[in-house]
Amino acid sequence: MAEFDSRYSQATTVGRADVDEGLRAYMLGVYNYMAAGVALTGIVAYLIYSLAVTSDPGSAAATLPNGQGLTAFGVALYIYAALVGASLSSLLLVYTGTSIANVFFITAATFAALSVWGYTTKRDISGWGSFLFMGLIGIIIAAIVNIFMQSSAMQFAISVIGVLVFAGLTAYDTQRIKDVYYEVAGNAEAAAKASILGALSLYQDFVGLFVNLLTLMGDRE
């Protein structure tokens with residue numbers, strides 16, 4: 001706990017007001033980078049979805065069980081998504097647009113609440129890191145195994161644990177990003193690099209939280 005408190009004591013060397021203003025600008029930069037990444041992901045996913053789906057039966061290379069026609073590009077995309085389970089654009093082939101929008105806003109609200117808590121809490125949650133990392137590794141291994149097992153019960157468990165892990169990571173990463181600021185305060189170049197890396201961490205947390213919540217709450221086509 002002493003080590004945690006000492007990070008904040010560094011602020012006195014620069015001046016409390018200056019550090020607070022710098023911290024606000026730094027965190028705003030992190031969130032702006034992260035929001036831009038989420039927006040770009042959504043745009044690219046929609047564009048790829050548009051290329052993959054066709055309403056013209058004559059130009060469809062394959063048809064999904066829900067009746068949607070796939071172009072040749074869509075067939076390749078769907079095979080890829082089935083093998084690795086990592087293409088966000090494939091979500092548009094599986095879940096309704098309304099469902100995706102609803103879960104996105106739920107994710108955004110949840111993410112914001114967790115990030116604010118991670119930013120404002122006086123509790124040292126740095127000890128969560130190793131536990132959350134082990135949980136993340138476990139989710140990845142279980143997801144790979146379930147590609148072959150195709151167990152709905154296992155998928156449900158993976159999604160529930162995934163929500164908890166990425167929720168924890170959101171708070172943990174926010175506090176870690178804040179702590180890093182105190183280590184690089186006064187070094188503009190280091191702060192800029194830390195801001196981008198921090199945004200990448202939160203971006204991954206947001207996407208992970210969104211995908212797992214969509215698996216649990218989304219309405220399929």
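Predicted model: local features only at pLDDT ≥ 70, side-chain atom pairs only at ≥ 80, totals over all residues.
A residue counts as buried here when its relative accessible area is under 20%.

Let's start with the whole chain. The protein chain has 8 helices and 3 strands, and from the N terminus the order of elements is α-α-β-β-β-α-α-α-α-α-α. Of the 221 residues in the protein chain, 38% are buried. Take the contacts between residues at least 6 apart in sequence: 76% of them join residues at least 24 apart.

Now have a look at helix α5, residues 97–120. With its 24 residues, α5 reaches 35 Å from first C-alpha to last, close to the 34 Å expected at 1.5 Å a residue. Which residues of α5 are buried? They are Ser 99, Ile 100, Val 103, Thr 107, Phe 111, Ser 115 and Gly 118.

Next, see what α5 packs against. Two packed helices are described by the angle between their axes and the distance between the axes. For α5 and helix α7 (residues 152–184), the axes come within 7 Å and cross at roughly 40°, which makes α5 oblique to α7. The crossing is right-handed. On the α5 side, the contact is made by Phe 111, Leu 114, Ser 115, Trp 117, Gly 118 and Tyr 119; α7 brings Ala 167, Thr 170, Ala 171, Thr 174, Gln 175 and Lys 178. Sort the residues of this contact by class and you get 6 nonpolar, 5 polar and 1 charged. Phe 111, Ser 115 and Gly 118 of this contact also turn up among the buried residues of α5.

From α7, move on to helix α8, residues 188–217. α7 and α8 pack at an angle of about 165°, with their axes 8 Å apart, and are therefore roughly antiparallel to each other. Here α7 passes α8 in a left-handed crossing. The contact of α7 with α8 has 17 nonpolar, 11 polar and 3 charged residues.

To finish, zoom in on one residue of α8, Asn 212. Is Asn 212 buried or exposed? Its relative accessible area is 9%, and because that is under 20%, Asn 212 is buried. Leaving aside residues up to four places away in sequence, Asn 212 touches Ile 158, Ser 159, Gly 162, Val 163 and Phe 166.

Terms used. Residues numbered from 1 in each chain as written. Heavy atoms only, no water. Helix = DSSP H or I, 4+ residues; strand = E, 2+ residues; numbered from the N terminus. Expected span 1.5 Å × (residues − 1). Buried < 20%, exposed > 50% of the residue type's maximum accessible area, 1.4 Å probe, protein only. Axes fitted to C-alpha atoms, helices over the stretch in contact; angles between N-to-C directions. Parallel < 35°, antiparallel > 145°, perpendicular 65-115°, else oblique. Left-handed = near helix turned anticlockwise from the far one by under 90°. Contact = heavy atoms within 4.5 Å. Nonpolar A, V, L, I, M, F, W, Y, C, P; charged D, E, K, R; others polar.
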